[in-house]
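Please look at the model first, then read the points below.

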Amino acid sequence: MNNIAENINIIKQRIQKACLSCGREADEVKLLLATKTVRPDQIRLALEAGEYLLGENKVQELRDKFASLQDIPHTNHFIGHLQTNKIKDVLRYDVSCIQSLDRLDLAEKLHRRLAETGKSIDVLIQVNTSNEESKFGIRPEYAADFVREVRQYDTLRIKGLMTIGLLSTENAAVRKCFKLLRQVQGEIVRLNLAGVEMGELSMGMSSDLETAIEEGATMVRVGTAIFGQRSTPDSYYWNESQ
Ligand SMILES: *Cc1c(COP(=O)(O)O)cnc(C)c1O
(Lines give C-alpha, C1' and ligand atoms only; values in the text may rest on other atoms or scores of the structure.)
Protein backbone atom coordinates (compact mmCIF):
# COMPACT_ATOMS: atom_id res chain seq x y z
CA MET A 1 0.00 0.00 0.00
CA ASN A 2 1.32 3.50 -0.77
CA ASN A 3 1.76 6.16 1.88
CA ILE A 4 -1.31 8.10 0.94
CA ALA A 5 -3.61 5.08 1.11
CA GLU A 6 -2.05 4.19 4.44
CA ASN A 7 -2.58 7.69 5.78
CA ILE A 8 -6.19 7.59 4.68
CA ASN A 9 -6.65 4.37 6.63
CA ILE A 10 -5.22 6.01 9.71
CA ILE A 11 -7.55 9.00 9.33
CA LYS A 12 -10.54 6.68 8.89
CA GLN A 13 -9.57 4.92 12.09
CA ARG A 14 -9.29 8.24 13.88
CA ILE A 15 -12.76 9.21 12.62
CA GLN A 16 -14.18 5.87 13.69
CA LYS A 17 -12.66 6.05 17.13
CA ALA A 18 -13.85 9.61 17.67
CA CYS A 19 -17.38 8.64 16.62
CA LEU A 20 -17.35 5.65 18.92
CA SER A 21 -16.23 7.79 21.85
CA CYS A 22 -19.27 10.03 21.55
CA GLY A 23 -21.90 7.55 20.42
CA ARG A 24 -22.03 8.53 16.77
CA GLU A 25 -21.88 6.32 13.69
CA ALA A 26 -18.72 6.62 11.57
CA ASP A 27 -20.78 7.09 8.41
CA GLU A 28 -22.22 10.32 9.83
CA VAL A 29 -18.87 11.99 9.13
CA LYS A 30 -17.64 12.59 5.60
CA LEU A 31 -13.97 12.96 4.80
CA LEU A 32 -12.97 15.80 2.48
CA LEU A 33 -9.41 15.81 1.20
CA ALA A 34 -7.92 19.30 1.35
CA THR A 35 -5.70 19.20 -1.72
CA LYS A 36 -4.07 22.63 -1.86
CA THR A 37 -0.50 22.36 -3.21
CA VAL A 38 -0.98 18.59 -3.79
CA ARG A 39 -0.04 17.31 -7.25
CA PRO A 40 -2.65 15.48 -9.37
CA ASP A 41 -0.72 12.18 -9.27
CA GLN A 42 -0.86 12.27 -5.47
CA ILE A 43 -4.55 13.15 -5.47
CA ARG A 44 -5.13 10.28 -7.87
CA LEU A 45 -3.65 7.84 -5.35
CA ALA A 46 -6.21 9.02 -2.80
CA LEU A 47 -9.08 8.65 -5.28
CA GLU A 48 -7.86 5.19 -6.23
CA ALA A 49 -7.88 4.31 -2.53
CA GLY A 50 -11.64 4.95 -2.59
CA GLU A 51 -11.96 8.63 -1.69
CA TYR A 52 -14.16 10.96 -3.75
CA LEU A 53 -14.52 14.32 -2.03
CA LEU A 54 -11.89 17.00 -2.76
CA GLY A 55 -11.58 20.59 -1.58
CA GLU A 56 -9.47 23.28 -3.23
CA ASN A 57 -8.69 26.77 -1.95
CA LYS A 58 -7.68 28.45 -5.18
CA VAL A 59 -9.41 28.63 -8.53
CA GLN A 60 -5.97 28.53 -10.15
CA GLU A 61 -5.28 25.11 -8.63
CA LEU A 62 -8.71 23.80 -9.65
CA ARG A 63 -7.89 24.84 -13.19
CA ASP A 64 -4.39 23.36 -13.19
CA LYS A 65 -5.53 19.96 -11.94
CA PHE A 66 -8.85 19.73 -13.76
CA ALA A 67 -7.75 17.95 -16.92
CA SER A 68 -5.52 15.42 -15.20
CA LEU A 69 -8.30 14.24 -12.88
CA GLN A 70 -11.18 14.28 -15.32
CA ASP A 71 -11.13 10.53 -16.00
CA ILE A 72 -11.46 9.52 -12.34
CA PRO A 73 -14.76 10.06 -10.49
CA HIS A 74 -14.71 12.66 -7.71
CA THR A 75 -16.57 15.66 -6.34
CA ASN A 76 -15.03 19.14 -5.92
CA HIS A 77 -15.85 21.54 -3.16
CA PHE A 78 -14.40 25.03 -2.93
CA ILE A 79 -13.07 25.76 0.57
CA GLY A 80 -10.94 28.89 0.09
CA HIS A 81 -11.53 32.59 -0.03
CA LEU A 82 -13.44 33.26 -3.23
CA GLN A 83 -12.81 36.55 -4.98
CA THR A 84 -15.77 37.85 -6.94
CA ASN A 85 -13.68 38.15 -10.11
CA LYS A 86 -13.13 34.37 -9.99
CA ILE A 87 -16.81 33.38 -9.92
CA LYS A 88 -17.05 32.55 -13.59
CA ASP A 89 -13.99 30.33 -13.33
CA VAL A 90 -14.98 28.47 -10.20
CA LEU A 91 -18.32 27.52 -11.77
CA ARG A 92 -16.53 26.24 -14.85
CA TYR A 93 -14.70 23.52 -12.93
CA ASP A 94 -17.61 21.39 -11.72
CA VAL A 95 -17.59 22.64 -8.16
CA SER A 96 -20.69 21.23 -6.45
CA CYS A 97 -20.44 23.16 -3.19
CA ILE A 98 -18.89 26.44 -2.10
CA GLN A 99 -18.10 26.07 1.58
CA SER A 100 -16.79 29.58 2.02
CA LEU A 101 -19.78 31.84 1.37
CA ASP A 102 -19.02 34.81 3.61
CA ARG A 103 -20.21 38.01 1.94
CA LEU A 104 -23.47 39.21 0.52
CA ASP A 105 -21.89 40.67 -2.61
CA LEU A 106 -20.36 37.26 -3.32
CA ALA A 107 -23.77 35.60 -2.88
CA GLU A 108 -25.40 38.13 -5.18
CA LYS A 109 -22.80 37.79 -7.92
CA LEU A 110 -22.78 34.00 -7.70
CA HIS A 111 -26.55 34.02 -8.01
CA ARG A 112 -26.50 36.34 -10.98
CA ARG A 113 -24.03 34.15 -12.82
CA LEU A 114 -25.88 30.92 -11.96
CA ALA A 115 -29.24 32.36 -12.97
CA GLU A 116 -27.81 33.28 -16.37
CA THR A 117 -26.81 29.69 -16.98
CA GLY A 118 -29.88 28.10 -15.34
CA LYS A 119 -27.82 26.32 -12.69
CA SER A 120 -27.75 26.13 -8.92
CA ILE A 121 -25.11 25.20 -6.36
CA ASP A 122 -24.79 24.03 -2.75
CA VAL A 123 -23.28 26.50 -0.31
CA LEU A 124 -22.12 26.48 3.28
CA ILE A 125 -21.90 29.71 5.24
CA GLN A 126 -18.39 30.24 6.57
CA VAL A 127 -18.43 31.50 10.14
CA ASN A 128 -15.42 33.05 11.85
CA THR A 129 -15.61 31.27 15.20
CA SER A 130 -12.08 32.07 16.35
CA ASN A 131 -12.52 35.82 16.29
CA GLU A 132 -9.20 36.23 14.50
CA GLU A 133 -8.97 39.25 12.20
CA SER A 134 -6.94 37.23 9.75
CA LYS A 135 -9.68 34.70 9.08
CA PHE A 136 -12.54 35.05 6.69
CA GLY A 137 -16.10 34.28 7.63
CA ILE A 138 -19.22 35.91 8.97
CA ARG A 139 -19.16 36.87 12.63
CA PRO A 140 -21.26 34.37 14.60
CA GLU A 141 -23.71 37.01 15.80
CA TYR A 142 -24.50 38.01 12.21
CA ALA A 143 -24.78 34.52 10.77
CA ALA A 144 -28.55 34.15 11.14
CA ASP A 145 -29.21 37.52 9.48
CA PHE A 146 -26.80 36.60 6.73
CA VAL A 147 -28.67 33.37 6.03
CA ARG A 148 -31.95 35.31 5.83
CA GLU A 149 -30.39 37.61 3.24
CA VAL A 150 -28.84 34.81 1.19
CA ARG A 151 -32.23 33.11 1.01
CA GLN A 152 -33.38 35.62 -1.63
CA TYR A 153 -30.88 34.04 -4.07
CA ASP A 154 -32.68 30.87 -5.02
CA THR A 155 -29.81 29.40 -7.06
CA LEU A 156 -27.85 29.02 -3.80
CA ARG A 157 -28.92 25.95 -1.81
CA ILE A 158 -27.92 26.56 1.79
CA LYS A 159 -26.80 23.26 3.33
CA GLY A 160 -25.10 24.24 6.57
CA LEU A 161 -22.05 25.91 8.06
CA MET A 162 -18.27 25.77 7.81
CA THR A 163 -15.54 27.02 10.09
CA ILE A 164 -11.79 26.91 10.57
CA GLY A 165 -11.12 26.43 14.27
CA LEU A 166 -8.49 28.33 16.17
CA LEU A 167 -5.02 27.06 15.28
CA SER A 168 -3.92 26.28 18.76
CA THR A 169 -2.53 23.34 20.68
CA GLU A 170 -4.88 24.23 23.49
CA ASN A 171 -7.76 21.85 23.01
CA ALA A 172 -10.27 23.81 25.08
CA ALA A 173 -9.83 26.91 22.93
CA VAL A 174 -10.28 24.91 19.73
CA ARG A 175 -13.35 23.15 21.12
CA LYS A 176 -14.93 26.49 21.90
CA CYS A 177 -14.89 27.35 18.18
CA PHE A 178 -16.65 24.12 17.23
CA LYS A 179 -19.20 24.50 20.02
CA LEU A 180 -19.92 27.98 18.78
CA LEU A 181 -20.56 26.76 15.24
CA ARG A 182 -22.99 24.17 16.60
CA GLN A 183 -24.71 26.90 18.59
CA VAL A 184 -25.09 29.09 15.52
CA GLN A 185 -26.52 26.09 13.67
CA GLY A 186 -29.10 25.60 16.43
CA GLU A 187 -30.03 29.27 16.35
CA ILE A 188 -30.64 29.14 12.60
CA VAL A 189 -32.54 25.84 12.78
CA ARG A 190 -34.91 27.39 15.32
CA LEU A 191 -35.78 30.14 12.84
CA ASN A 192 -37.31 27.44 10.68
CA LEU A 193 -36.57 29.22 7.41
CA ALA A 194 -38.15 27.61 4.37
CA GLY A 195 -35.55 26.42 1.89
CA VAL A 196 -32.68 26.54 4.38
CA GLU A 197 -30.99 23.27 5.35
CA MET A 198 -28.58 23.31 8.26
CA GLY A 199 -27.53 19.65 8.37
CA GLU A 200 -23.93 20.08 7.31
CA LEU A 201 -21.26 21.14 9.79
CA SER A 202 -17.90 21.25 8.06
CA MET A 203 -15.27 21.57 10.77
CA GLY A 204 -12.11 19.83 11.94
CA MET A 205 -8.76 19.34 10.20
CA SER A 206 -5.67 17.14 10.64
CA SER A 207 -4.90 18.28 14.15
CA ASP A 208 -8.37 18.72 15.62
CA LEU A 209 -10.79 16.38 13.86
CA GLU A 210 -11.56 14.35 16.99
CA THR A 211 -12.67 17.47 18.85
CA ALA A 212 -14.76 18.58 15.87
CA ILE A 213 -16.48 15.19 15.65
CA GLU A 214 -17.26 15.26 19.35
CA GLU A 215 -18.88 18.65 18.79
CA GLY A 216 -21.01 17.48 15.87
CA ALA A 217 -18.97 17.75 12.66
CA THR A 218 -20.56 16.02 9.67
CA MET A 219 -17.53 16.67 7.48
CA VAL A 220 -13.85 16.94 8.35
CA ARG A 221 -11.35 18.50 5.95
CA VAL A 222 -7.95 16.83 6.05
CA GLY A 223 -4.78 17.75 4.16
CA THR A 224 -1.47 17.42 6.00
CA ALA A 225 -2.22 14.13 7.76
CA ILE A 226 -2.83 12.50 4.37
CA PHE A 227 -0.52 14.28 1.93
CA GLY A 228 2.25 15.49 4.25
CA GLN A 229 3.50 18.94 5.17
CA ARG A 230 2.97 21.74 2.67
CA SER A 231 5.80 24.06 1.74
CA THR A 232 3.47 27.03 1.21
CA PRO A 233 2.37 28.57 4.51
CA ASP A 234 -1.37 28.52 5.19
CA SER A 235 -1.36 32.28 5.58
CA TYR A 236 -1.04 32.40 1.80
CA TYR A 237 -4.41 30.69 1.56
CA TRP A 238 -6.19 32.18 4.55
CA ASN A 239 -4.93 35.69 4.67
CA GLU A 240 -5.13 36.82 1.11
CA SER A 241 -6.43 40.33 0.72
CA GLN A 242 -9.55 40.53 -1.40
C1 LIG B 1 -5.76 23.45 4.30
C2 LIG B 1 -7.12 23.43 4.80
C3 LIG B 1 -7.61 22.35 5.54
C4 LIG B 1 -6.76 21.14 5.91
O5 LIG B 1 -5.80 21.49 6.88
P6 LIG B 1 -4.74 20.39 7.40
O7 LIG B 1 -4.28 20.97 8.67
O8 LIG B 1 -3.68 20.31 6.36
O9 LIG B 1 -5.45 19.11 7.55
C10 LIG B 1 -8.93 22.40 5.95
N11 LIG B 1 -9.73 23.44 5.66
C12 LIG B 1 -9.29 24.50 4.95
C13 LIG B 1 -10.23 25.62 4.66
C14 LIG B 1 -7.99 24.53 4.51
O15 LIG B 1 -7.56 25.59 3.81
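**Ligand and spaces**

An oxygen atom of the ligand has a polar side-chain atom of Lys36 2.6 Å away. Such a polar contact is a pair of N or O atoms within 3.5 Å; within protein, one must be able to donate a hydrogen and the other to accept it, and residues adjacent in sequence count only if both atoms are side-chain atoms. This is a predicted model: local features need pLDDT of at least 70, side-chain atom pairs count only at pLDDT 80 or more, and totals for chains, interfaces and linings use all residues. Residues are numbered from 1 along each chain as its sequence is written, and side-chain values use heavy atoms, with hydrogens and water left out.

**Around the ligand**

- Asn57 places a polar side-chain atom 2.8 Å from an oxygen atom of the ligand.
- For Ser206, an N or O atom in the side chain is 2.5 Å from an oxygen atom of the ligand.
- On its own the ligand has 380 Å² of accessible area, and the protein covers 97% of that (Shrake-Rupley method, 1.4 Å probe; for residues, only the protein chains shown count as cover).
- The ligand is surrounded by 13 residues, each with a heavy atom within 4 Å of it.
- Lys36, Asn57, Ser206, Thr224 and Arg230 are the closest.
- This shell holds six nonpolar, four polar and three charged residues (Ala, Val, Leu, Ile, Met, Phe, Trp, Tyr, Cys and Pro count as nonpolar, Asp, Glu, Lys and Arg as charged, and the others, Gly among them, as polar).

**Pockets**

- The ligand sits in the largest pocket, meaning that more than half of its atoms lie within 2 Å of the pocket's grid points.
- A pocket is an open set of points on a 1 Å grid over the protein atoms alone, with protein on both sides within 12 Å along at least five of seven lines; a cavity is a set where a 1.4 Å probe fits but cannot get out, and lining residues have an atom within 4 Å of a point.
- The largest pocket holds about 350 Å³ of space.
- Its lining has 20 residues, with Met205, Thr224, Arg230, Asp234 and Trp238 closest to the centre.
- The second largest pocket has a volume of about 300 Å³.

**Cavity**

- The whole structure has one cavity of 30 Å³ or more.
- The largest cavity has a volume of about 70 Å³ (the space filled by probe spheres set on the points, which are joined across faces, edges and corners).
- Residues lining the largest cavity include Asn57, His81 and Trp238.
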